[in-house]
Amino acid sequence: MLRRFARIYVVTLKELHLDNKLHDEPSTVTAEHGQVLVDGPDGVAVSLTPDAAVETSDRLLEAAVEARGQDLAATGAEKERAARKPG
């Protein structure tokens, strides 16, 4: 009897960030033959259906707004700490 074993790996999102590089240039997005093509930094290339592209766009916008708010909150907290420092 042949036994088959499967290894299951649980990977967190943090572990998936292989280069930990923050990119500041936007991806290039085109439509060809009914597909949405995304070319990003470091060779990232994704082909999406129009529906998947719309949902991804919504999710990107939501996350971008949340990240911008986090940046503003962090900047405000830094300014508060600096204002409280004597000197």
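Modeller: In this predicted model, helix α2 gives the most to the lining of the largest pocket, with ten residues. A pocket is an open set of points on a 1 Å grid over the protein atoms alone, where a 1.4 Å probe fits, with protein on both sides within 12 Å along at least five of seven lines; lining residues have an atom within 4 Å of a point. Residues are numbered from 1 along each chain, and side-chain values use heavy atoms, without hydrogens or water. Local features need pLDDT of at least 70 and side-chain atom pairs 80 or more, whereas totals for chains, interfaces and linings use all residues.

Colleague: Which residues lie nearest the centre of the largest pocket?

Modeller: They are H23, E25, S27, P41 and L60, out of 29 lining residues. Besides α2, the strands β2 and β3 each give two or more residues to this lining. Helices (H or I, at least four residues) and strands (E, at least two) are DSSP runs, numbered from the N terminus.

Colleague: In what order do the strands of the open sheet stand?

Modeller: Two strands pair if DSSP finds at least two bridges between them. Here the order is β1-β2-β3, with antiparallel pairing. Because β1 (28-32) and β3 (45-48) each have a single partner strand, one side of each is left without a neighbour in the sheet. Strand β2 (residues 35-39) pairs with β3 over four bridges; V36 has L48 of β3 as its bridge partner.

Colleague: Where is confidence lowest, and where highest?

Modeller: pLDDT is the predictor's confidence in each residue, from 0 to 100. Its mean is lowest in helix α1 (residues 13-16), at 58, and highest in β1, at 98.
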